Amino acid sequence: MWAGEGVIEGPSDEAPARFPRRPSMPASLFVAIAAWVALAAFQACAISLGWVSPELPDGLVSGEYEIQIVEDAKRGAYGYSAHGALRDAFGARREVLLSYSEKDIEGDARLLARQRVKARVSFSQLSDASFPRYAAKGICARAKMTNAHIEGGGGPVSAVVEARCWARDAFDAFEGKGAALLRAILIGDRSRLDEDGLYDDVKTVGLAHMVAVSGAHLSVVAAFVGAILARARISRLVSSGVFCGFYALYAAFTGFASPVIRAALMAGVVVNAAWSRRRSSSLAALGVCVCVLLACRPSNALSLSFFLSAASTLGIIVLAPLLEAWVDALARKGRGAITQTLSLTLAANIPIFPVTACVFSRVPLLSPLANLVAAPAFTLFIGGGLVGLGLLAVFPSAGMAALSALAFAADALCDLLGFLAHVPLASVPCSMDMTVATGVSAGAFVALWAVWPRPTKGKAMGAAAVLVASAVALVAVLPLFGPDEIVALDVGQGDAILVKSRGASLLVDTGNQDALLAAALARAHAAHLDGVAISHHDDDHCASLDSLSSNVAGSQVYVAAETLSCGCSGCEALLEQAQSASGTKAVGLVVGDELRVGNFTCRVVWPRAFSDAGGNADSLCLLVTRESSAGNWTALLTGDAEAEQIDEMTSRLPGGSKGIDVLKAGHHGSKAGMTDRLALTLSPKITLVSCGANNRYGHPAATTVEALEAAGSAVFRTDESGDVACVFSDEGIAVRTQRASEVDLE
């Protein structure tokens, strides 16, 4: 497939028969990179130095507006949100973050890109914390939309929007993961991807780019189709025309949203690279493309999706021929669709891999295998799906039959992805600063281009062995030398406590924000969990359990024993989550049961019997003990138990409540979770409070913090300190926080 700028014949039997020359870098590409860096630096400085602020622009006053939807609306816990554009009182174009509910709009609330809405809008400024993130997308304010109705219209754009709405409604007739996957890759509607943990599986196996309508996604599909066209002896010119026409139609059918347009343009550049005889001309085209997109939308300079599209496209153009030669040297089975698909996937990921690992806080070790499986399947789904939708418009019965068959096949692929996602260590946590990740990405690309290593089978096998050995060392060996620690993970308004020792780990509760949990586990270097204990069925303690499929595969999920027989909807849902995450049924624990985690012993001290249908009062509570030459260090993990339950459970401990060194405050430090008397009775040296910044519950209560501090306890809050690690040793307990210095308590 790759013509390159010439090939070099191999000097021996070990070398590949054809080796691509290193492409030259055209001036336009350097100009584009320089312009991009300068524009990004200027915008970042403008935001950080306050040259632009979250204050509302003068022209944004409450009233009636006509709004164009920029990107498809997303549904959240509190309604819908969408990226929209409107004209302010002075006629200037402003981009805003819309929020609305189903009752606020007449018609279907699932607004799609390029739809026009007329509504009454009230504006509010962005918070200081969220302003940099939204400013990077060109958004200047929040906008609450009411009394809205969708405006009709004519022209090709309106026709495309109507076609997308029709296709979306057609997919509403199908249920299951397969249908959710099809609607995501065919019409760009990702609203159902989170159902049944599908998106978690996709991210775990490294296929997020395939469901995000990205340049890399379209290019991988193009590689597979390109190999078929090449075997059919279709000319390069005809094939390029077919691909570019397909990309234009695909961009239209997925909404003409900015990321889709970028993906189509980048993929078009890749097709030009694949079928032209000079890759340097494709690099020049990429440079021009980047400059045009930055000129049309300067906020692209700080857009993560823009970086991912451009960087992956650059990787494909430059590195795919080199990597294909390396794959050939290892496989020695000639060129074909599989070789090209694998080389394209690797080439697209090398320049962006550290950044995506930083964004998703994980490294998908099974990504090459998953992409090999997905490339032909996605080609079938896109081609067959478009044909099926066409049939549905003309012959409804035949169209429904075709889409049903595709949904069935997509269900099978989703089941396979789910299986791969549950393979132990399918992905491992990764924590890296975004600036560092970007530098590593650029460095890896430049190093490969500068060295342009010539492959042999021996070198290829050696490189593969080094990669495998490095992964084993990072995942299996290094954790054995980590400290004994109990870490209150910062997962927002929720509980997640990690107990680690000698390579073993137990997570107590998960919070309810998957991304925050993944990032926290990455910071704690918890690649695999030997078990997860869930205190009770409240959302903020167990909702992210499903996202841990790779981390807990082959391990156990522990719950209070009466959870297994309670029968309430909350307990039943928790048991289903446990089965889905670990692949086995949850294990019930009773008072006196013990779990061993390295040097720690975790003993169940509550509940003795359910009194709250598995609610707060029935939280599974653990007394964690570490023996040392100076005596035993203890920690009490209380879930959402409150003062009454904590008082009773500690009164039953050997020696009473004396000797508790670390207390995880009950119910996020609520007023009901502590009394002055209980604080004095427990007198913990350290108190950990898990809570989210500016949470609507007011956790922790000022009276609780005051009572604990008056009793001599050092109180650490995750909303203020981030992750809080209590590191145990024979000499004492050292407290290390994510946002502050170390404190030693003996």
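Colleague: In what kind of crossing, left-handed or right-handed, does H13 pass H14?

Modeller: This is a predicted model, and in it helix H13 passes helix H14 in a left-handed crossing. The contact of H13 with H14 is made up of 21 nonpolar and four polar residues, with no charged ones.

Colleague: Where are those two helices, and at what angle do they pack?

Modeller: H13 covers residues 367–394 and H14 covers residues 396–421, and the two pack at an angle of about 165° with their axes 8 Å apart. Because an angle over 145 degrees counts as roughly antiparallel, H13 and H14 are described as roughly antiparallel to each other.

Colleague: Staying with H13 for a moment, is Ser 367 buried or exposed?

Modeller: Ser 367, which is found in helix H13, has a relative accessible area of 8% and is therefore buried. Ser 367 and Ala 426 are 59 residues apart in sequence, and their C-alpha atoms are 8.6 Å apart in space.

Colleague: Changing topic, how many cavities of 30 Å³ or more does the structure hold?

Modeller: There are four cavities of 30 Å³ or more in the structure, and the largest cavity has a volume of about 120 Å³.

Colleague: Which residues are the closest to the centre of that largest cavity?

Modeller: The largest cavity is lined by 15 residues, and those closest to its centre are Arg 362, Ser 427, Ala 518, Ser 547 and Asn 551. Sorted by class, the lining has six nonpolar, seven polar and two charged residues.

Colleague: And which elements give two or more residues to the lining of the largest cavity?

Modeller: Those elements are strand S10 (427–429), helix H17 (514–523) and helix H19 (549–552). H17 gives the most to the lining of the largest cavity, with four residues.

Colleague: What can you tell me about the loops around H17, starting with where Asp 509 is found?

Modeller: Asp 509 is found in the loop between strand S13 (504–508) and H17, and with a relative accessible area of 1% Asp 509 is buried. The C-alpha atoms of Asp 509 and Ser 535 are separated by 6.3 Å, although the two residues are 26 residues apart along the chain. In the loop between H17 and strand S14 (531–533) lies His 525, a residue other than glycine that has a positive phi, near 55°.

Colleague: Is His 525 buried or exposed?

Modeller: His 525 has 62% relative accessibility and so counts as exposed.

Colleague: What about Trp 452, what is its phi?

Modeller: Trp 452 is not a glycine either, yet its phi is positive, at about 45°. Trp 452 lies in the loop between helix H15 (434–451) and helix H16 (457–477), and because its relative accessibility is 8%, Trp 452 counts as buried.

Colleague: Let's move to peptide bonds: which residue does a cis peptide bond join to Pro 607?

Modeller: A cis peptide bond joins Trp 606 to Pro 607, with omega at about 5°. Pro 607 lies in the loop between strand S18 (600–606) and strand S19 (621–628).

Colleague: And the peptide bond from His 699 to Pro 700, cis or trans?

Modeller: The peptide bond from His 699 to Pro 700 is cis, and its omega is near -10°. Pro 700 is found in the loop between strand S22 (686–689) and helix H24 (702–710).

Colleague: One more, then: how many residues apart in sequence are Ala 73 and Arg 190?

Modeller: Ala 73 and Arg 190 are 117 residues apart in sequence, while in space they are 9.9 Å apart, C-alpha to C-alpha. The place of Ala 73 is in strand S3, which runs over residues 63–76, and Ala 73 is buried because its relative accessible area is 16%, where buried means under 20%.

Conventions. Residues numbered from 1 in each chain as written. Predicted model: local features only at pLDDT ≥ 70, side-chain atom pairs only at ≥ 80, totals over all residues. Heavy atoms only, no water. Axes fitted to C-alpha atoms, helices over the stretch in contact; angles between N-to-C directions. Parallel < 35°, antiparallel > 145°, perpendicular 65-115°, else oblique. Left-handed = near helix turned anticlockwise from the far one by under 90°. Nonpolar A, V, L, I, M, F, W, Y, C, P; charged D, E, K, R; others polar. 1 Å grid on protein atoms, 1.4 Å probe; cavity = no way out; pocket = protein on both sides within 12 Å on 5 of 7 lines; lining within 4 Å. Points joined across faces, edges and corners; volume = space filled by probe spheres on them. Buried < 20%, exposed > 50% of the residue type's maximum accessible area, 1.4 Å probe, protein only.
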